[in-house]
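Try each task before reading its solution.

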Amino acid sequence: MPEAETSCRIVELTVNGGARRATVDVRSTLLDLLRDRIGLTGTKKGCDHGLCGACTVTVDGERVLGCLTLAASIDGSDVVTVEGLADGDELSALQQAFVEHDGFQCGFCTSGQLSSAHALLREHTRGDLSAASFEADRGAASCGRVCLTNDEIRERMAGNICRCGAQANIVTAIAEVGRGRA
């Protein structure tokens, strides 16, 4: 009987600014690599089906769902998790706004919410549009681009679910940072 073909691959990533190398099963998700192999447990496994957003991280600056992203598919990429948003012990403006506006309750979704919101702010700054951007009279003339309204934030955060009811507080925190009041 022939020897079974190996289903493992070596992946090299930059995670939160540090080089990482790991041998992974080709079926392993980025979420499992981050939590189980690298030990970054801030990113949560919620539904494990890509529906809740608790596992949101960025890969090469774009939001991805860690539970749906195969680790082997992002070899050579730059990954930022919730642990990479702060500067040492100093919270980012977004993290501070979440604290000040009680943008969490049980905290389970918070890491995905923060990672998604961080990407949302970058996307908005570079001028990316959302479905809400196409509604009539978005006030683009008054802010130089599509304004970051609460509706715009809710649309852009639609893939991240807070089951506790802190969604309104999360929107307020993002709006504060997005409008430069943090």
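**Exercise 1: cysteines**

Cys 52 is buried, at 4% relative accessibility (buried is under 20% relative accessible area, exposed over 50%, partly exposed in between; 1.4 Å probe, protein chains only). This is a predicted model: local features need pLDDT of at least 70, side-chain atom pairs count only at pLDDT 80 or more, and totals for chains, interfaces and linings use all residues. Residues are numbered from 1 along each chain as its sequence is written, and side-chain values use heavy atoms, with hydrogens and water left out.

Task: find how many disulfides the model has.

Solution. 
1. Take the cut-off: a disulfide is a pair of cysteine sulfur atoms within 2.5 Å.
2. Apply the cut-off. The count is zero.
3. Check Cys 106. The closest cysteine sulfur, in Cys 164, lies at 3.6 Å, too far for a bond. Cys 106 is exposed, with a relative accessible area of 57%.

**Exercise 2: a hairpin**

Task: state in which sense strands S3 and S4 pair.

Solution. 
1. Locate the strands (DSSP E runs of at least two residues, numbered from the N terminus). S3 covers residues 56–59 and S4 residues 62–65.
2. Apply the pairing rule, at least two DSSP bridges. S3 and S4 have four, in the antiparallel sense.
3. Pick out a facing pair: Thr 58 is opposite Arg 63 in S4.
4. Inspect the turn. Two residues separate the strands, and Asp 60 has a positive phi near 50°.
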